[in-house]
Each structure stands twice: as structure tokens, then as C-alpha cells.
Amino acid sequence: EYRKTVRESAEKIRTALTDSDAETIARACHKLIGTSELLGFKVMAGRCRAIEQSMKANPNPQQEANAIQSLIETLDKILVIL
């Protein structure tokens with residue numbers, strides 16, 4: 001289930017970053033927070049929480065593009081090992 005969530009969220013975030021869609025990024029991060037915390041992946045949950053909060057406070061993904069891109073890269077790496 002976590003693999004499915006990671007795959008879907010990574011794709012949504014990737015597309016939403018290209019489209020500057022802060023709401024979709026926040027929702028995808030929110031889903032990752034819940035599943036990551038449930039499995040004890042606190043660092044991943046923290047990264048997602050920071051991005052989610054940033055998207056809600058300032059809905060301009062381009063200002064957080066580096067952090068969002070780093071998250072996407074991490075999610076892609078996770079998919080390789082799952």
C-alpha cells in the first residue's frame with residue numbers, strides 16, 4: 001500500500017509542480033504524511049509536512065521548487081527499493 005501511495009503521490013506532485021498547482025501538492029503531501037507516520041518514517045513525514053504547510057501559507061510552488069524536486073527525487077528512490 002505504501003508503494004502505491006508513494007508512486008501516485010510522486011506523479012501528482014511532479015505534474016502539479018509543472019502546473020504550479022499548490023493545492024494538489026499539499027493534498028499529495030498530506031496523504032504521504034499519514035502513511036509515512038503510520039510506518040514510522042518520521043523524516044519523510046516531516047519533509048512532506050513542511051511542504052504541505054508551505055503550500056497552504058504561500059500557494060506558489062515555484063518558491064519551494066528545490067524542496068519539492070528533492071522530495072520527488074527521494075520518492076523515486078524509495079520506489080526503486082520497495
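A contact here means heavy atoms within 4.5 Å. By that rule, L71 touches I13, C29, M44, R47, C48 and I51, leaving aside residues up to four places away in sequence. This is a predicted model, where local features need pLDDT of at least 70, side-chain atom pairs count only at pLDDT 80 or more, and totals for chains, interfaces and linings use all residues. Numbering starts from 1 along each chain as its sequence is written, and side-chain values use heavy atoms, with hydrogens and water left out.

**Fold**
- The chain has four helices and zero strands, taken as DSSP runs (helices H or I, at least four residues; strands E, at least two) numbered from the N terminus.
- Residues 24 or more positions apart make up 59% of the contacts with a separation of 6 or more.

**Core**
- Of the 82 residues, 40% count as buried, meaning under 20% relative accessible area with a 1.4 Å probe, protein chains only.
- The largest nonpolar core has 25 residues, and I13, I25, I68, L71 and L75 have the most contacts inside it.
- Helix 1 (2-19), helix 2, helix 3 (42-57) and helix 4 (65-81) each give two or more residues to this core.
- Such a core is a set of buried Ala, Val, Leu, Ile, Met, Phe, Trp, Tyr and Cys residues joined through side-chain atoms within 4.5 Å.

**Surface**
- L38 lies in helix 2 (residues 22-38).
- L38 counts as exposed because its relative accessibility is 74%, and the cut-off for exposed is over 50%.
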